[in-house]
Amino acid sequence: MLEQAKYLAENEHRYSKRWKTGATARFLQVNPLWGIKFYKSKEDREYTWNLQNLAANANVAPPVGDWIDSHLGYGYLTMIADVEKDKSHQDMMRLKKQLRGIGIQNDDIRKNNCGYFVDRLVCIDFDCANQS
């Protein structure tokens, strides 16, 4: 899976519509289950991977996979969440509280930064999160 993801990412045109770009990361869906996030620095990758892994262990983020180093940057595999499904403000506030309960402060919980994974609302963006 790791080599397949790296190959697909390195061969997808940098301006392809398949790439989703956020404030600090670029995301590419590899297959129906997995995607890959790339960051410019190892530190950003390690920081967000650690937070997402902690949250995934508490069922409030998609599980993460291996790290990938490439000419594209520093990435990691992440399972796919359904970001298209509608999210209520109440559900997003509940997610924010659940994250706080495991020591993650994330003030950037909004519709674009969460999605459904196995019928649970989860956080998919940890760039602005802090561990307390």
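Predicted model: local features only at pLDDT ≥ 70, side-chain atom pairs only at ≥ 80, totals over all residues.
**Notebook: strand pairing, packing and side-chain contacts**

Entry 1, the hairpin. I looked up what joins strand E4 (residues 64-70) to E5, and I found five bridges, with the two strands running antiparallel. E4 and E5 make up a hairpin, and two residues lie between them. I also located valine 64, which stands opposite threonine 78 in E5.

Entry 2, the sheet. I then asked in which order the strands of the open sheet are arranged. I recorded E1-E2-E3-E5-E4, five strands with antiparallel pairing. At the edges I found strand E1 (19-21) and E4, each of which pairs on one side only. From one strand to the next, I noted an average twist of 25°.

Helix H1 (residues 2-11) does so, touching E1, strand E2 (25-29), E3, E4 and E5. I recorded about 50° between the direction of H1 and that of E4. Helix H2 (residues 42-57) also packs on the sheet and touches E3, E4 and E5. For H2, I recorded a direction at about 175° to that of E4.

I counted three aromatic pairs, taking ring centres within 6.5 Å as the criterion. Why is the pair of tyrosine 39 and tyrosine 76 stacked? I found the ring centres 6.1 Å apart and the planes at 15°, so the pair counts as stacked, given that stacking requires planes under 30 degrees apart. The pair links distant parts of the chain, 37 residues apart: tyrosine 39 belongs to strand E3 (residues 34-39) and tyrosine 76 to strand E5 (residues 73-79).

I found arginine 26 over the face of tryptophan 19, at 4.1 Å from the ring centre. I found also that lysine 85 places its charged end over the ring of tyrosine 116, 4.4 Å from the centre of that ring.

I located aspartate 108 in the loop between strand E6 (104-105) and strand E7 (114-117). I noted a polar contact of 2.9 Å between the side chains of aspartate 108 and arginine 110. Setting aside neighbours within four places in sequence, I listed Asn113, Asp125 and Cys128 as the residues in contact with aspartate 108.

Key. Residues numbered from 1 in each chain as written. Heavy atoms only, no water. Phe/Tyr/Trp six-rings, centres within 6.5 Å; stacked < 30°, edge-to-face > 60°. Helix = DSSP H or I, 4+ residues; strand = E, 2+ residues; numbered from the N terminus. Lys NZ or Arg CZ within 6 Å of the ring centre and 35° of its normal. Pairing = 2+ DSSP bridges. Polar contact = N/O pair within 3.5 Å; in protein donor to acceptor, adjacent residues only side chain to side chain. Contact = heavy atoms within 4.5 Å. Axes fitted to C-alpha atoms, helices over the stretch in contact; angles between N-to-C directions.
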